[in-house]
Amino acid sequence: MDVNARNYRWSESRSKMCQMCDMGEDETVKHVVLECVKYARDRYEMMQVVLRELEHDRKGVDGGAAGTLWGDK
């Protein structure tokens, strides 16, 4: 991932700070993916998709039986 903290180290960026938010954090992969408030909505939407897919996969494996985990009965 192309982030300012890495680019700053190699003199490709004038600042290693995140330009998307005002948190004063280095723009690292961790910050962009997990912390940056600018991407909070994107993170939420991505998690909704992941949770839906996990629920779909779980129902497909165990036939939707409540209280089972991955088909264990």
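Predicted model: local features only at pLDDT ≥ 70, side-chain atom pairs only at ≥ 80, totals over all residues.
Residues are numbered from 1 along each chain as its sequence is written, and side-chain values use heavy atoms, with hydrogens and water left out.

The protein contains three helices and zero strands, which follow one another along the sequence in the pattern α-α-α; helices (H or I, at least four residues) and strands (E, at least two) are DSSP runs numbered from the N terminus. Of the 73 residues in the protein, 21% are buried, where buried stands for under 20% relative accessible area, exposed for over 50%, and partly exposed for values in between (1.4 Å probe, protein chains only).

Five salt bridges are present in the structure, each defined as a side-chain nitrogen of Lys or Arg within 4 Å of a carboxyl oxygen of Asp or Glu. One of them joins Asp26 to Lys16, with the closest N and O atoms 3.8 Å apart; both residues lie in the loop between α1 (4-9) and α2 (29-35), ten residues apart. Asp26 is partly exposed at a relative accessible area of 29%, and Lys16 is likewise partly exposed, at 35%.

A further salt bridge connects Lys30 and Glu35 at 3.6 Å, N to O; Lys30 is exposed, at 53%, while Glu35 is partly exposed, at 30%. In helix α3 (residues 40-62), Glu55 and Arg58 are three residues apart, about one turn of the helix, and their side chains form a salt bridge of 2.9 Å, N to O. Glu55, Arg58 and Lys59 are linked in a network of salt bridges.
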